[in-house]
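Below is a walk through one protein model, from its salt bridges to a sheet and then to its pockets and cavity. Please keep the sequence and structure in view while reading.

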Amino acid sequence: MAASGSGEFNVRPTDAQTVTAGDGVGAFRTVCDPSHMNNDDAILFPNQPGKSHLHVYFGNTLADASSTYESLRSSGNSTCFGGIANRSAYWVPAVLDKQGEPIQPAQSHFYYKSGYFGVSASQINKIPDGLRMIAGNAKATGPQNTEHVHWGCWNQYIGNLDSIPDSKCQVGDFIKMGIDFPQCWDGKNLDSADHKSHVVYPVDNACPSTHPVAIPTITMNILYSVPPDGDTSGWRLSSDTYGTDQPGGYSMHADWFDGWDPEIKETWTDSCVKQGIDCHSNLLGDGREMF
């Protein structure tokens, strides 16, 4: 892997047009190539290199165990559209084939939306600088809540599955790892002891009083090519610690560590997500685009 990314601020004027979202959900989307793999986790095991299972990283090319908000913002190229306009670090457990070898993702799409959980677009606030969080359960040995953590096919709908699809996605399609992050922030803490308690999912279509600040829902869609024979049996996650007699993928989770340029983040929040505008992929909603 080891993608070099871009060290330039890749934002420019564009004639491409946004549209009013028909479903009222404001959306900004971007694409980031996979950059590198390591056994680090700057959120769960800060300054403890090699302590985690194998991760695949997207975004900041220097993300490792010692990463902080300051280091992400000031160093490293980015494999995302926009270059160093988005030095955020995104990482997920590696998918391993039946021989235990890591599989390189074919594509990855990252969404920032007002959400489908009842929070209106007008209530959205900019994600606070330096926020970091984990979604999903790396220790899961059985099915998780597939409303927020699920597997599926990219081009054909087979439902939200709790494990890696085995021979369900067609050759030429992609197996999708989909993770939704919590949308409601407590308004105070950029992290918490369990790296989850400072953010929660909406309750009864609203952010609860304990976490009153609505932020965009971040969704990671990591895609893996279906092999030529269509056989994905034996595929597992590097974080799966349970027996091979069970399906792989129960321990799906993801980490997100903010490294956005604050002005760019505020622009797509205010011009796209908060306005109920569909900015497609990489349009900022103000006549500029990331490239």
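Buried means under 20% relative accessible area, exposed means over 50%, and partly exposed covers what lies in between. The model is predicted. R288, with a relative accessible area of 23%, is therefore partly exposed. Its salt-bridge partner is D286, and the N to O distance between the two side chains is 2.9 Å. D286 has a relative accessible area of 36%, so this residue is partly exposed as well.

The count of salt bridges comes to ten. Another of them joins R29 to D278, with the closest N and O atoms 2.7 Å apart. This pair links distant parts of the chain, since R29 lies in strand β3 (residues 27–31) and D278 in strand β18 (residues 277–281), 249 residues apart. Both R29 and D278 are buried.

A further salt bridge brings together the side chains of D129 and K126, at 3.7 Å from N to O. D129 has 31% relative accessibility and so counts as partly exposed. K126 has a relative accessible area of 29%, which means that K126 is partly exposed too.

The next element is a sheet. Five strands make up an open sheet with antiparallel pairing, and their order is β4-β5-β6-β17-β9. At the edges are β4 (34–38) and β9, each of which pairs on one side only. From one strand to the next, the twist averages 20 degrees.

Within this sheet, β6 can be followed on both of its sides. Strand β5 (residues 55–59) pairs with strand β6 (residues 89–93) in the antiparallel sense, over five bridges. H55 has P93 of β6 as its bridge partner, and Y57 has W91 of β6. The pairing of β6 with β17 is also antiparallel and runs over three bridges. Here W91 stands opposite D255 of β17.

How are the faces of β6 covered? In a regular strand the side chains alternate between the two faces of the sheet. On one side of β6 are A89, W91 and P93, on the other are Y90 and V92, and all of these are buried. Because five of the five residues of β6 are buried, this strand is largely enclosed by the rest of the structure.

Q99 and G118 are 19 residues apart along the chain, and their C-alpha atoms are separated by 43 Å.

The open spaces come next. The largest pocket holds about 330 Å³ of space. It is lined by 18 residues, of which L44, H53, N137, A138 and K139 are the closest to its centre. Two strands, β9 (132–136) and β17 (253–257), each supply at least two residues of this lining. Both strands also belong to the five-stranded sheet described above. By class, the lining of the largest pocket consists of four nonpolar, nine polar and five charged residues.

The second largest pocket contains about 240 Å³ of space. Of its 14 lining residues, Y111, K113, Y116, D180 and T219 are the closest to the centre. At least two lining residues come from each of β8 (107–113), β11 (174–180) and β15 (217–225). The largest share, three residues, is that of β15. Four residues of this lining are nonpolar, six are polar and four are charged.

The volume of the largest cavity is about 40 Å³. Its lining is made up of Q144, V149, H150, W151, L161, D162, G249, Y250 and M252. Of these residues, five are nonpolar, three polar and one charged.

Terms used: Residues numbered from 1 in each chain as written. Predicted model: local features only at pLDDT ≥ 70, side-chain atom pairs only at ≥ 80, totals over all residues. Heavy atoms only, no water. 1 Å grid on protein atoms, 1.4 Å probe; cavity = no way out; pocket = protein on both sides within 12 Å on 5 of 7 lines; lining within 4 Å. Points joined across faces, edges and corners; volume = space filled by probe spheres on them. Helix = DSSP H or I, 4+ residues; strand = E, 2+ residues; numbered from the N terminus. Nonpolar A, V, L, I, M, F, W, Y, C, P; charged D, E, K, R; others polar. Pairing = 2+ DSSP bridges. Axes fitted to C-alpha atoms, helices over the stretch in contact; angles between N-to-C directions. Buried < 20%, exposed > 50% of the residue type's maximum accessible area, 1.4 Å probe, protein only. Salt bridge = Lys/Arg side-chain N within 4 Å of Asp/Glu carboxyl O.
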